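Trainee: I am new to this structure and would like to know what stands behind the words used for it. Could we take them one at a time?
Mentor: Gladly; let us look at it together.

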Amino acid sequence: MLELTPKEIMENRHITINPCKTCEPVGAMFCALGVENCMPHSHGSQGCCSYHRTVLSRHFKEPAMATSSSFTEGASVFGGRSNLTTAVKNIFDIYDPEIIAVHTTCLSETIGDDVGNYIMDLEVPEDKTVLYASTPSYEGSHIQGFSNMMIGFMKYMTQKATVKSDRAAIFPGWVNPGDDRELKRIAKVMGVDYIYFPDHEGILETPMTGKYKYFPKGVGTPSADIKALGAAKKLIAMGMFTSLEPAEFLDKQFKVPFTLIPMPIGVKLTDKYLMALREISRQEVPQELEDERGRLVDLMLDSHAYTFNKTAAIYGDPDIVYSFTALCLEMGMVPKYVITGTPKEEFTRQVKQLFQDYGMDPGKCIIKADTDLFYLHQLIKNEPVDVLIGSSYGKQIAKAEDIPIVRMGFPVLDRYGNTIQASVGYAGAIRYVEKIVNALMDKVDAEAKDEDFDVVM
């Protein structure tokens, strides 16, 4: 399908081909779905809302519930105030959520809708909340939309506290429900009492009970916890590009100090998570986690012959690309191409520093932010790699160039079970070391001559 991609790379290309990102409202909708009894609301056309829901539903294999202001030609010209007013009344009447989290689209941003002012004039039932975040589709990426919606929740709901509580706060960043479960398990094992925000465990991986509920009870971050964030004694924010702005907001507005760490994937980055938890609980790391770490290191050593000096192209969201780059470096691999579609130039500096931390010259690799998969394909055509690591959108490149692909990040559209399993922590790294090694070994098997084809490898 992509065999005609040219090798010649054009500098200053003014077009994006096969983007390595999606738009801000997708991130805002995903964030809002991680709050208990909350209805995400897209202030724009039904088409926009349908697209955002489709991307999330195809990734999680679950319905992504959301409502829309349903803009028509009239709203596009005269503004969407009346649409939002009607929508909020209907949503409370029909679905009865506790919170409506409104995010904008490129259409409502372009016509200049003052959504913050509209919300102030709404008739909101007692004990209910309507909040808002600006998420224009034509800038940033879904990562920025996720951050903006987190700040929106805190801006409208979090309360100032004169006395700090004993609870810590954890911002997991953009992770799957399986990751939420693993991050909370580790925090519990480390003896930390925490507020976890947002929390998608049990929402986008709902157990089959035979009955569908709009708002399952007991899952998602409760509104009481979001209000109590201002009293947290310490925050651990994961994902240097997703969680930085929300962490800075909580620190600036509510004087909650934070520790910012990368997404904990692999040995060293999971160690950082444990050390951040240990600083709060003052407890020793239990044997249970020591054993998990030992098993991960043992697996890396056992499979080292098949991963050493193998080259990888890693692409996707900046936080997960950064952490998977660290995992590949720990496996002795060479992350030859490391790219993200999110326009965060800090990404390039951080990944270069990561290379130096592991004693590798970043000049031998290409690291780039705000780019697309067409560019990655051109790089691979000029100098191939041994394995692709990223979203499903790289599968055409993998087919065209006959390179194995390991799916990770967002979105993974063509595989099942991905989102209910963890990629974080020692357990998540064990899962992905196995995936990467097996992909490389399958390639060896596929290309082996009959006399070299053996069961034992």
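**Strands, crossovers and spaces**

Mentor: Let us start with a pairing: strands β5 and β7 (residues 235-238) run parallel and are joined by three bridges. Please keep in mind that this is a predicted model.

Trainee: What makes β5 and β7 a pair?

Mentor: Two strands pair if DSSP finds at least two bridges between them. β5 and β7 have three bridges, so they pass that mark. Within this pairing, Ile170 stands opposite Ile236 in β7.

Trainee: Which way does β5 run relative to strand β6, parallel or antiparallel?

Mentor: Parallel, and β6 (residues 194-196) is joined to β5 by three bridges. Here Ile170 faces Tyr196 of β6. On the way from β5 to β6 the chain passes through helix α8 (residues 177-189), in a right-handed β-α-β crossover.

Trainee: Why is that crossover called right-handed?

Mentor: The name applies if, with the strands pointing away from the viewer, the path from the first strand over the helix to the second runs clockwise. The crossover from β5 through α8 to β6 is right-handed, so its path runs clockwise in that view.

Trainee: How do you know that both faces of β5 are covered?

Mentor: In a regular strand the side chains alternate between the two faces of the sheet. In β5 (residues 168-171), Ala168 and Ile170 lie on one side, Ala169 and Phe171 on the other, and all of them are buried. Buried means under 20% relative accessible area.

Trainee: Why is strand β10 described as largely enclosed?

Mentor: Seven of the seven residues of β10 (residues 334-340) are buried, so the rest of the structure largely encloses this strand.

Trainee: Which strands pair with β10?

Mentor: One is β9 (residues 311-316), parallel to β10 over six bridges, with Ile339 of β10 as the bridge partner of Tyr315. Another is β11 (residues 366-368), also parallel, with three bridges; in β11, Lys368 is the bridge partner of Ile339. Right-handed β-α-β units are formed by β9, α14 and β10, and by β10, helix α15 (residues 346-357) and β11.

Trainee: Now the spaces. What makes a space a cavity rather than a pocket?

Mentor: In a cavity a 1.4 Å probe fits but cannot get out, whereas a pocket is open. The search of the whole structure finds one cavity of 30 Å³ or more. The largest cavity has a volume of about 160 Å³. Of its 19 lining residues, Trp174, Asn176, Ile320, Gly409 and Phe410 are the closest to its centre. Helices α14 (318-330) and α18 (425-447) each give two or more residues to this lining, and domain 2 (168-281) and domain 3 (288-447) each supply at least three.

Trainee: How many charged residues are in the cavity's lining?

Mentor: Four, alongside eight nonpolar and seven polar ones.

Trainee: What is known about the largest pocket?

Mentor: The largest pocket holds about 430 Å³ of space. Among its 23 lining residues, those closest to the centre are Ile203, Thr206, Tyr212, Lys213 and Pro216. The lining has 14 nonpolar, four polar and five charged residues.

Trainee: Which residues lie nearest the centre of the second largest pocket?

Mentor: Arg13, Lys368, Asp370, Thr371 and Asp372, from a lining of 19 residues. The space in the second largest pocket is about 370 Å³.

How values were computed:
Residues numbered from 1 in each chain as written. Predicted model: local features only at pLDDT ≥ 70, side-chain atom pairs only at ≥ 80, totals over all residues. Heavy atoms only, no water. 1 Å grid on protein atoms, 1.4 Å probe; cavity = no way out; pocket = protein on both sides within 12 Å on 5 of 7 lines; lining within 4 Å. Points joined across faces, edges and corners; volume = space filled by probe spheres on them. Nonpolar A, V, L, I, M, F, W, Y, C, P; charged D, E, K, R; others polar. Buried < 20%, exposed > 50% of the residue type's maximum accessible area, 1.4 Å probe, protein only. Helix = DSSP H or I, 4+ residues; strand = E, 2+ residues; numbered from the N terminus. Domains from an automatic or database assignment.
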